[in-house]
Amino acid sequence: SRQLSAVDSKTFNELSIELKRLYLSDNMIVWIHSLTFSNLVNLLELRLDHNRLLRIHSYLFKNLVQLQSLDLSHNQLDTVTVPLYKTPNSRTAPGP
């Protein structure tokens, strides 16, 4: 890891139906396109911890209706302004 710095909107298009768990931890991600996860309707777990995220677009998690676990810890987030009510196990702790 530690190679990704951005995630484009078409990155996961081919895997959209099958993908259940996505681990993008321990990279240098500062930016994720607002539609990157839009087709991942069966995703159960998403780990974005230990990156350099500053902001999260309000539509980023919109279609993740099956999501059970979301880890945003250890990023550089000041505020998360997206509704996380559909992700009861989520953590949004900013990094050190």
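This report looks at the salt bridges of a predicted model and at a buried leucine, L22.

**Salt bridges**

The structure holds three salt bridges.

| Pair | Closest N and O atoms |
|---|---|
| R21 and E45 | 3.5 Å |
| R47 and D49 | 3.0 Å |
| R47 and D71 | 4.0 Å |

Let us begin with R21 and E45, whose closest N and O atoms are 3.5 Å apart. This pair links distant parts of the chain, with R21 in strand β2 and E45 in strand β4 (residues 45-47), 24 residues apart. R21 is partly exposed, at 45% relative accessible area. E45 counts as buried because its relative accessibility is 18%, and the limit for buried is under 20%.

R47 takes us to a network of salt bridges that joins R47, D49 and D71. R47 bonds with D71 in a salt bridge; R47 lies in strand β4 and D71 in strand β5 (residues 69-71), so the pair ties together parts that are 24 residues apart in sequence. How exposed are the members? R47 is partly exposed, with a relative accessible area of 29%. D49 is buried at 2%, and D71 counts as buried at 8%.

**Around L22**

L22 sits in strand β2 (residues 21-23) and counts as buried, with 8% relative accessibility. Beyond its neighbours within four places in sequence, L22 is in contact with F12, F37, L40, L43, E45, L46 and R47. One of these, E45, is 23 residues away in sequence, yet the two C-alpha atoms are 6.3 Å apart in space. E45 is also the salt-bridge partner of R21, and R47 is the partner of D49.

How values were computed
Residues numbered from 1 in each chain as written. Predicted model: local features only at pLDDT ≥ 70, side-chain atom pairs only at ≥ 80, totals over all residues. Heavy atoms only, no water. Helix = DSSP H or I, 4+ residues; strand = E, 2+ residues; numbered from the N terminus. Buried < 20%, exposed > 50% of the residue type's maximum accessible area, 1.4 Å probe, protein only. Contact = heavy atoms within 4.5 Å. Salt bridge = Lys/Arg side-chain N within 4 Å of Asp/Glu carboxyl O.
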